[in-house]
Amino acid sequence: MRRTITASLLLSTAFAGTASAQEVGPIALDEDEDVIVVTGEVSTFGATKSETPIIETARSVSVISAEDWRERGALTLDDTLNYTAGVVGDTFGFSTRGDFPRVRGLDVPEYLDNIQVLFGFYNNARSDIFTLEQVEVLKGPASVLYGQGSPGGILNTVSKRAGPDAIGSEFYVEYGTFDRTQVSADIGADLSGDGTLTARLVTLFRDADTQVDFVNDDAFILAPSITYDDGRTVATLLANYTDRESDTAHQFLPLAVTACASEEVTVSESNICSGNSGQEVDASLYVGDPAFNRYDSESFSLTGFFQHRFSDALGFEATARYRDNSAAYRQTWVSFLGSGNPRVLADGTAAGRSWYDAPAGSDQFAVDGRFRARFDTGPIEHEVLAGINYQSVDTLTEASFLYALPTTFNLLNPIYDGLEIPAEAAFEAVRGSSINEIDSVGYYINNQMTLGDLVLNAGVRFDELETGNGTTNQDDSATSLSFGALYKTSIGLNPYASYAESFQAVVGNDMVTNQPLLPQEGKQIEVGLKYQPPGTRTYVTMAYFDIEQSNLPNPAGLPNAPSQQEGIAKIDGFEIEAQTAIGDLTLDAAFSVIDTQDPNGARFPSVPEVQGSAWASWRPSSGSLKGLALGAGVRFAGGNESSGTAFLAANGFAPTPVLIETDGYTVFDGLIGYSFDRYSLTLNGRNIFDTEYYGTCLSRGDCFPGEGRTIQLRAGVRF
């Protein structure tokens, strides 16, 4: 790694020698107050694959810029979503293995520059937000544009890449809580002197501990890119190498030493908590073995972007990516012994320890190409997008699992001596391979029509998928539809309505019919208002949505319960996001209410019914305080629950309903910074009062502590 860091610094120096100065900072403390975009911007490589302003789009779209999340002190992709309506960023509390957001109550796929970037679990390197320009959330089904996916929507991230508007350079040094030390650089260069050929290098080195004992979060990233832009043709080649060395922050802490001893969690069945010590462990508790545990990941990707305008009426654009990932994942935890059964003895000793060793990898090739045509038919203006999306993904996991081995490990007095680590031969004796292969192709067309102040949108997509597990293959096909209407008014109040569909292939056979399982399907109806008074810096969006997800596992207790065909989940809710600026003061607020119901009539696990957030920042644009930045924010998440069925000895092993209710939480964030000339200094705090809370507790028997207080000091220079 030292050799790699040295090489990256030499490259940084070489680029810096040709870089021209540009006054662009991460928080833009000294920007003119009249230069502000409150609605967010999307591009042809953004979540909507269109440059149509969000205020004229008949869908809910949230855009979080790099300036936004740096101002609010975000450290991970999950963190960037904390101020977004209808989105749970840190669903399972503090995490290091990956990001687990939920949008409108559902898991959603992660995309990078229009192409899906994660497949399966724990076989890739986590994205780092320093390499990103912005994060976009397209809410609701998106299969017309993206193929198979979640009814909740998609999470799309946008890479930093070379271009004539990115030829400035920035260098940062950071230090914060848990000895988090980070050095990063973003260096742009005009190689041709006229902006036709530009280059950019984004690089980062981090050495960090975390709030969980023995768990680090180290990273090295190198992401060079080069762009050719002659005004008619734009071509970019972007490489990204990411090397992360870490462990898993998720310790699956047993209910006996978390929920059962906490006033913030309610357990419906008292027998689950009987006979334990009543002592709650600290959120920093590590139940693994530092001589065994690891989550080290490495990825390399090469992405090409291409745009060409044949004329003002016709253009072509495409994204293509090759990505290779690998991960070394090893973890031990306190064994799960069935819902409701104690995992910890009365004195704090684990009832058993399970050991998991699962090296994994994935490789991907994907391309998304589309033509864009603009033309009129009488009074109707058309923008037609017609494209083909191809993707081939292979994942491989070689897992070995040793379940519930005898142990003397005590959670109230942990000792990490490595003596219980099983012999390598024990892992190899039970190791097995899991292969998943996906080849898919989708053909889509979308027409946006404008008739005066009325904007209509209609799209259709045909997908064909072949999925295999190394021995058997399954073919699926699906047709997805979407349409919407929005009316632009002279006062900036735009009502809209839309309908969209999604599908997600499910591999396997129905246990009743012995036929291939049908894809899960999603349908959403959304109505809303978007409001931006002319001449103001205020933007408000409100939306009501109703989602139905079908072809889910049957409700329990039905005669055909093993069948996959009849289960239906329902989700509906309301969201509001608002942004405004009053002089030098900017305000952002978000609020959402969601009602979820799974096929059994229970609420979705780990999803709060109510969420809210607000952020205010003040940057004097003149006077002696110019350059100062002050910011404060509050985040609230209501309670969530998890239900299940336990078979308890105290109840004669009869099926017993179990409900775990986790209280909500309120945390505060803050910023103080100062910028002068080319220099900036910022101090960010997240959860500044160090509020202790659980992100969620599950009926299966574990709890996930939330993110504790983090303080980060950042010094930067632009050149």
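A disulfide (a pair of cysteine sulfur atoms within 2.5 Å) joins C697 to C703, with an S to S distance of 2.0 Å. The torsion about the S-S bond of C697 and C703 is about 110 degrees, so this disulfide is right-handed. Both C697 and C703 are buried, where buried means under 20% relative accessible area, exposed means over 50%, and partly exposed covers what lies in between (1.4 Å probe, protein chains only). The structure is a predicted model, in which local features need pLDDT of at least 70 and side-chain atom pairs count only at pLDDT 80 or more, while totals for chains, interfaces and linings use all residues. Residues are numbered from 1 along each chain as its sequence is written, and side-chain values use heavy atoms, with hydrogens and water left out.

A search of the whole structure finds two disulfides. In the other pair, the sulfur atoms of C260 and C273 lie 2.0 Å apart. Here the S-S torsion is about -75 degrees, so the disulfide of C260 and C273 is left-handed. C260 sits in the loop between strand 14 (253–254) and strand 15 (265–267), and C273 in the loop between strand 15 and strand 16 (294–309), so the pair ties together parts that are 13 residues apart in sequence. Strands (E, at least two residues) and helices (H or I, at least four) are DSSP runs numbered from the N terminus. With bonded cysteines counted along the chain, the disulfides follow the pattern 1-2, 3-4.

Salt bridges come next. The search of the whole structure finds 39 of them, each being a side-chain nitrogen of Lys or Arg within 4 Å of a carboxyl oxygen of Asp or Glu. One of these brings together the side chains of D217 and R180, at 3.7 Å from N to O. That pair links distant parts of the chain, with D217 in strand 12 (residues 217–229) and R180 in strand 10 (residues 180–190), 37 residues apart. D217 and R180 are both buried.

E317 forms a salt bridge with R372, and their closest N and O atoms are 2.4 Å apart. E317 belongs to strand 17 (residues 314–334) and R372 to strand 19 (residues 360–377), so the pair ties together parts that are 55 residues apart in sequence. Both E317 and R372 are buried. These two residues also take part in a network of salt bridges that links K49, E317, D368, R370, R372, R374 and E383.

R603 counts as buried because its relative accessibility is 19%, and E641 counts as buried because its value is 13%.

The surface carries patches, which are made of residues with over 30% relative accessible area and no salt bridge; like charges are joined within 9 Å, and nonpolar side chains (Val, Leu, Ile, Met, Phe, Trp, Tyr) within 5 Å. Accessible areas come from the Shrake-Rupley method with a 1.4 Å probe, and for residues only the protein chains shown count as cover. A nonpolar patch is formed by I582, L585, L587, W618, L625, L630, I672, L681, L683, I711 and L713, with about 860 Å² of accessible area together. Strand 28, strand 34 and strand 37 (710–718) each supply at least two residues of this nonpolar patch. L585, for its part, is placed in strand 28 and is partly exposed, with a relative accessible area of 31%.

A negative patch is formed by D213, E263, E264, E280, D282, E661, D663, D690 and E692. For charges, Lys and Arg count as positive and Asp and Glu as negative, while His and the chain ends are not counted; the place of a charge is taken as NZ of Lys, CZ of Arg, CG of Asp or CD of Glu.

N514 lies in the loop between strand 24 (493–504) and strand 25 (520–531) and is exposed, with a relative accessible area of 54%. N551, by contrast, is in strand 26 (residues 539–552) and counts as buried at 12% relative accessibility.
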